[in-house]
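Here are a few exercises to work through with the model open beside you. Try each task before reading its solution.

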Amino acid sequence: MKYLKIISLAMMLPLLAISCKKKPNPKLETPQEELDEVQVHFVLLDDNQQATTDTTSIIFDKNGASNIDLLTVHAGKKYLMLIHIFNEEESINEEIIEDGDMHQFFFMPSESTLIASFEYLDEDQNGRAIGLKNKIEWA
């Protein structure tokens, strides 16, 4: 009888060892958008808030490097700011708009005094801002 208890105990030890192992916390993978290029266009608005042909554009590659080092804008003027995002040379703006409740762009200048006013001009199906189309006034 003593041998039977020892054998039973010996057979249960590996089961206990397996069931007592701590499982590592699973890492949740958040699917990330692959971006090849981001274009930001600043279109000068006239006094009637209509777009002019005066446009300044910045293009960022997938590493964040831009095509220009310095953005020149007019102080006290309002601009329409349009953002176009590309993956494999194809615009993904529509995809961002469709999934608007999961996306929002935030704009934080290096100095808080650079922007006099900012207004989101687009929104998701819940009425929350996305940020692909905006109006910005430089101080």
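**Exercise 1. Which strand gives the most to the lining of the largest pocket?**

Start with the ground rules. This is a predicted model, where local features need pLDDT of at least 70 and side-chain atom pairs count only at pLDDT 80 or more, while totals for chains, interfaces and linings use all residues. Residues are numbered from 1 along each chain as its sequence is written, and side-chain values use heavy atoms, with hydrogens and water left out.

Step 1. A pocket comes from a 1 Å grid over the protein atoms alone: it is an open set of points where a 1.4 Å probe fits, with protein on both sides within 12 Å along at least five of seven lines, and lining residues have an atom within 4 Å of a point. Strands are DSSP runs (E, at least two residues), as are helices (H or I, at least four), numbered from the N terminus.

Step 2. Pick the top one: strand 1, with 3 residues.

**Exercise 2. Describe the space and the lining of the largest pocket.**

Step 1. The space is about 530 Å³, counted as what is filled by probe spheres set on grid points joined across faces, edges and corners.

Step 2. The lining has 23 residues, and Val40, Phe42, Met81, Phe107 and Trp138 lie nearest the centre.

Step 3. Sort the lining by class: 21 nonpolar, 2 polar and no charged residues. Here Ala, Val, Leu, Ile, Met, Phe, Trp, Tyr, Cys and Pro count as nonpolar, Asp, Glu, Lys and Arg as charged, and the others, Gly among them, as polar.

**Exercise 3. Find which residues have the most contacts inside the largest nonpolar core.**

Step 1. Such a core is a set of buried Ala, Val, Leu, Ile, Met, Phe, Trp, Tyr and Cys residues joined through side-chain atoms within 4.5 Å. Buried means under 20% relative accessible area, exposed over 50%, and partly exposed in between (1.4 Å probe, protein chains only).

Step 2. The largest core has 15 residues, and Phe42 and Ile85 have the most contacts inside it. Strand 1 (37-45), strand 3 (78-87) and strand 6 (133-138) each supply at least two of its residues.

Step 3. Look around Phe42. Leaving out residues up to four places away in sequence, its contacts (heavy atoms within 4.5 Å) include Leu71, Met81, Ile136 and Trp138.

**Exercise 4. Is Gln39 buried or exposed?**

Step 1. Gln39 sits in strand 1.

Step 2. Gln39 counts as buried because its relative accessible area is 16%.

Step 3. Check its partners. The Gln39 side chain makes a polar contact with the side chain of His41 at 3.2 Å. A polar contact is a pair of N or O atoms within 3.5 Å; within protein, one must be able to donate a hydrogen and the other to accept it, and residues adjacent in sequence count only if both atoms are side-chain atoms.

**Exercise 5. Where is Ser66, and what does its side chain reach?**

Step 1. Ser66 is in the loop between strand 2 and strand 3.

Step 2. Ser66 is partly exposed, at 32% relative accessibility.

Step 3. Its side chain reaches the backbone oxygen of Ile68 at 2.5 Å.
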